[in-house]
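Here is a short report on a model with its sequence. Keep the structure in view while reading.

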Amino acid sequence: MKNSLLRLCAAGAVLLASLATAVAADSKLVVAMLPKSKGNAYFISCKAGADKAAKELGVQLLFDGPTDSNAAKQNEIVENWITLGVDVIAVAAENKEGISTALRKAQKQGINVITYDADALPDARAFFVNQATPEGIGQSLMDEAARLTGGEGEFAMIVGSLTAANQREWQKHVEARLKEKYPKMKLVVVRPCDDLKDKAQSEATAMLSANSNLKLIMAICSPGVPGTAEAVKQAGKAGKVKVMGLGLPNENRRYVKEGVTDSVILWNTGDLGYLTVYAGAALAKGELKKGAKTVKAGSLGTFQIAGDNILLGKPFIFNKGNIDQFDF
Amino acid sequence: MSHVTPAPGNSRPWKARLLSHEMLLLYVLLAEWLFFYFAGTTTNRRGVVVGFGTWDRQFDILRHSCEIGLLALALTPVIITAGIDLSVGSLLGLSAILFGQLWHDAGLPIPLAIAFTLVLGALAGGLNALLITTLRLPPLIVTLGTYSLFRGLAEAITRGSVTYTDFPESFLFFGQERWLGLPTQAWIFFAVAAAVWLLMHRTTFGRSFRAIGLAPEGARYAGLPVGRRVALVYVLAGLIAALAAIIYTARLGQAKADAGTGYELFAITAVVLGGTSIFGGTGSVHGTLLGVAAIAVLKNGLACLPVVMRMNAAEEMSGLLTGALLLLALTAGVLPKMLSKLRPRRHAPAV
């Protein structure tokens with residue numbers, strides 16, 4: 001008993017000792033970045049941009065998060081970083097209120113806190129790197145629709161639901177842009193798909209048979225775009241009726257490559273990670289202060305700040321030419 | 001058992017006491033702690049000492065251990081009676097949701113909501129007890145059922161999307177502040193630990209749980225009310241799981257249906273690491289506490305090591321090493337017996 005347990009202790013010590021290395025006094029700025037879940041391809045692509053920024057700036061980047069979207073684990077990771085005394089904590093919040101407790105604690109200890117992708121409560125962070133404003137999304141969608149149709153003709157819209165706040169907001173900005181800039185285009189019908197691909201497909205099929213003049217269908221919920229594409233493809237109208245909307249590259253890749261879907265709009269997640277690290281580092285160095293109007297981010301240039309929101313700017317358009325560079 | 005069981009109490013020779021499972025676990029814990037103290041403490045850019053060797057860190061470890069520690073305390077009597085309760089983690093989630101509802105939707109004051117939640121937790125434990133003792137179903141199967149049932153209920157009640165937040169400061173005090181120098185919830189944890197320790201080691205209940213774990217039929221013939229005693233440990237487990245839910249909610253400031261997912265397995269690991277036999281009959285509350293501490297220090301210490309930080313793999317590494325620690329401890333426990341079987345016997349067996 002005695003010997004075997006002594007051996008156990010020795011083995012444990014060796015195992016642990018091999019994990020530890022001599023700790024050189026690291027004088028680099030440490031930026032700790034917390035995704036909602038670290039296995040999610042969306043956040044992996046954020047990390048790619050963040051890594052690039054960290055390299056350019058010469059800062060150490062910690063990128064850790066729950067393996068699933070777990071709010072409790074997010075708090076534990078932030079508390080871990082607080083006692084490690086990192087310089088910046090950048091968080092994509094899984095739960096607004098829950099994480100804010102931990103973030104306030106970090107601020108009290110002099111750590112610079114920013115959020116990206118999903119905001120915490122405003123008093124728990126200095127800035128939010130906002131990947132897309134409703135206005136920016138609405139304008140990009142409408143501009144792209146106009147570009148695809150040559151600025152004239154009838155088009156239809158598929159929305160997630162007629163009541164969801166973000167959908168209503170985006171739709172409002174699409175319609176405002178339409179009224180303001182594209183008088184020759186006409187929105188003939190708006191239908192909800194309840195965030196279901198099947199429902200989007202049947203709605204789109206009904207639209208196609210009811211309106212022979214239809215030149216484009218815009219879907220502004222992510223299941224809506226592939227659903228619409230499937231309907232257009234099956235109706236044999238690929239290319240004649242354009243398909244575009246808000247969504248993720250992966251779920252639309254097939255239709256984009258087949259030429260059914262023309263454009264998928266979202267933000268560039270790599271740029272989001274890149275900007276977040278630059279903003280975080282600037283905050284820690286005292287270059288970015290409350291009330292600032294702009295912030296510089298390396299090769300991406302200067303970004304606007306509205307209040308305490310750092311704006312990533314115009315959404316990104318994925319099409320046949322560039323979609324293979326993205327995997328999320 | 002072929003060998004003579006040492007008499008309980010203080011009559012064991014000091015050598016045996018120094019080499020008991022609990023003492024060895026204490027040495028491992030101390031070794032872990034010293035290792036992380038030297039390897040996981042650094043001075044950061046601003047010249048502040050950070051990492052494992054700070055008071056803040058030690059308090060964090062204590063704070064993060066309370067919920068799993070409570071579940072491990074709840075499971076110790078259960079496992080000693082040769083049972084198991086897989087539903088405690090799910091019950092933590094369900095209790096958190098019920099507490100949120102009682103406070104937010106039913107508008108009850110916090111103390112009353114806590115009281116009702118504890119009662120509901122005990123009732124849920126009672127459901128396990130009822131199925132196990134009256135229907136004589138195996139605890140593993142019963143609690144596997146309630147494991148899904150309780151979590152499913154929590155998800156159904158909230159439809160997977162409702163999260164209760166905005167709890168008053170006075171409630172969050174229990175989970176996020178300090179009282180008399182220690183994290184507030186640590187006092188609750190210590191009080192429960194003391195109560196369970198007294199129950200298991202200083203009352204006839206404790207002795208009867210061991211007897212039931214060793215030989216339930218024997219215990220029944222000896223006149224013990226086996227059914228009632230077994231029911232008691234499951235009701236107690238339900239009650240403690242509900243208490244853990246309150247502390248969890250206070251620590252995070254939110255009650256959500258996924259609260260405590262997977263905690264039952266961490267708790268079982270701590271209990272078994274602490275020397276309680278999964279077949280029942282033997283084990284101790286202080287062993288469980290050491291098991292909880294050994295896992296918590298390992299997990300938190302790893303997150304302080306520069307190498308692990310650079311790999312961004314604190315969580316994966318802690319899972320891996322916790323598993324390795326448990327397997328090593330189990331192997332070390334069985335090895336001497338296996339070796340002694342292989343050796344030729346020097347003495348003729350007594351007639």
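Helices (H or I, at least four residues) and strands (E, at least two) are DSSP runs, numbered from the N terminus. H4(A) covers residues 96-108, 13 residues in total. From first C-alpha to last, H4(A) reaches 18 Å, close to the 18 Å expected at 1.5 Å a residue. The expected span is 1.5 Å times one less than the number of residues in the helix.

This is a predicted model: local features need pLDDT of at least 70, side-chain atom pairs count only at pLDDT 80 or more, and totals for chains, interfaces and linings use all residues. Residues are numbered from 1 along each chain as its sequence is written, while chains are lettered from A and ligands numbered from 1 in the order in which they are written.

The buried residues of H4(A) are Gly98(A), Ile99(A), Ser100(A), Thr101(A), Ala102(A), Leu103(A) and Ala106(A). A residue is buried if 20 or more other C-beta atoms lie within 10 Å of its own, exposed if 12 or fewer, and partly exposed in between; C-beta atoms are placed from the backbone.

Within chain A, these buried residues pack against helix H3 (71-84), strand S3 (88-91) and strand S4 (112-116). In chain B, they pack against helix H7 (169-176) and helix H11 (226-252). Contact here means that the C-beta atoms of two residues, placed from the backbone, lie within 7 Å.

## Where the chains meet

In total, 42 residues of chain B are in contact with 36 residues of chain A. On the side of chain B that touches chain A, at least two residues each come from helix H2 (21-39), strand S1 (41-43), strand S2 (49-51), H3, helix H14 (306-311) and helix H15 (314-342) of chain B. The residues on that side divide into 22 nonpolar, 12 polar and 8 charged. Ala, Val, Leu, Ile, Met, Phe, Trp, Tyr, Cys and Pro count as nonpolar, Asp, Glu, Lys and Arg as charged, and the others, Gly among them, as polar.

## Chain A overall

Chain A has 10 helices and 14 strands. Its C-alpha trace spans about 85 × 55 × 35 Å along the principal axes. Of the 328 residues in chain A, 50% are buried. Take the contacts in chain A between residues at least 6 apart in sequence: 72% of them join residues at least 24 apart.

The domain assignment gives domain 1 (30-130 + 269-312) and domain 2 (134-266) of chain A. Such bounds come from an automatic or database domain assignment. The centres of the two domains, taken over C-alpha atoms, are separated by 33 Å.

## A covered strand

Strand S6(A), residues 153-159, is mostly covered, with 5 of its 7 residues buried. S6(A) pairs in the parallel sense with strand S7(A), residues 185-192, over 7 bridges. The chain crosses from S6(A) to S7(A) through helix H6(A), residues 165-181, and this β-α-β crossover is right-handed. Right-handed means that, with the strands pointing away from the viewer, the path from the first strand over the helix to the second runs clockwise. Two strands pair if DSSP finds at least two bridges between them.

Phe155(A) has Leu187(A) as its bridge partner in S7(A). S6(A) also pairs in the parallel sense with strand S8(A), residues 214-219, over 5 bridges. There, Leu214(A) is the bridge partner of Glu154(A).

S12(A) pairs in the antiparallel sense with strand S11(A), residues 294-297, over 4 bridges. Ala297(A) stands opposite Gly301(A). The hairpin of S11(A) and S12(A) has 3 residues between the strands, and Gly298(A) takes a positive phi near 40°.

On to strand S13(A), residues 309-311: S12(A) pairs with S13(A) in the antiparallel sense over 2 bridges. Ile305(A) has Ile310(A) as its bridge partner. This hairpin has 2 residues between its strands, and Gly307(A) in the turn has a positive phi of about 65°.

## A buried glutamate

Glu144(A) lies in helix H5(A), residues 134-149. Glu144(A) counts as buried because it has 22 C-beta neighbours inside 10 Å. Not counting residues up to four places away in sequence, Glu144(A) touches Met244(A), Ser263(A), Ile265(A) and Ile317(A). Glu144(A) and Met244(A) are 100 residues apart in sequence, yet 8.4 Å apart in space, C-alpha to C-alpha.
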